Amino acid sequence: MKKVIETVYSPCYGKVENIFVSQGSYVYEWEKLIVVHTTDNKKVEIEAGVSGHVVSIEVTKNQSVSNETVLIQLQDDLLITGSD
């Protein structure tokens, strides 16, 4: 079966406030992965766009991120769900 790696990017500037997953863990589509505290004092929840396994976490807690910073790499399990 073909491997499909999905890259999750930061949509904003700020600091990583919390990371809810670990490398190798399984995540479901729309599951919360990371919370970023933005430079304008908002909290942005970053969710998984696909279900699958966490291949790598590219950031650490309290790390500054910019728009388009790579946060996480997910291996898509290619399963069709009710929300696809």
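Predicted model: local features only at pLDDT ≥ 70, side-chain atom pairs only at ≥ 80, totals over all residues.
The secondary structure of the protein consists of eight strands and zero helices, and the order of elements from the N terminus is β-β-β-β-β-β-β-β. The radius of gyration is 13 Å, close to the 12 Å given by the globule rule for 84 residues, so the protein is as compact as a globular protein of that length. The C-alpha trace spans about 40 × 25 × 20 Å along its principal axes. Of the contacts with a separation of 6 or more, 59% are between residues 24 or more positions apart. The accessible surface amounts to about 5200 Å², and carbon and sulfur atoms contribute 50% of this area. Buried residues account for 35% of the 84 residues.

The largest nonpolar core contains 17 residues, of which Val 27, Leu 33, Ile 34, Leu 71, Ile 72 and Leu 74 touch the most other members. At least two residues of this core come from each of β4 (32-38) and β8 (70-76). With neighbours within four places in sequence left aside, the contacts of Ile 72 are Glu 6, Thr 7, Val 8, Val 21, Leu 33, Ile 34, Val 54, Ser 56 and Ile 57.

Ser 10 is located in the loop between β1 (4-9) and β2 (14-19). Its relative accessible area is 1%, so Ser 10 is classed as buried, the cut-off being under 20%. A polar atom of the Ser 10 side chain lies 2.7 Å from the backbone oxygen of Cys 12. Beyond four places in sequence, Ser 10 is in contact with Val 65, Ser 66, Asn 67, Glu 68, Thr 69 and Leu 71.

Methods:
Residues numbered from 1 in each chain as written. Heavy atoms only, no water. Core = buried A, V, L, I, M, F, W, Y, C linked by side-chain atoms within 4.5 Å. Buried < 20%, exposed > 50% of the residue type's maximum accessible area, 1.4 Å probe, protein only. Helix = DSSP H or I, 4+ residues; strand = E, 2+ residues; numbered from the N terminus. Contact = heavy atoms within 4.5 Å. Polar contact = N/O pair within 3.5 Å; in protein donor to acceptor, adjacent residues only side chain to side chain. Rg over C-alpha atoms; globule rule 2.2 N^0.38 Å. Areas by Shrake-Rupley, 256 points an atom, 1.4 Å probe, with all protein chains shown as cover.
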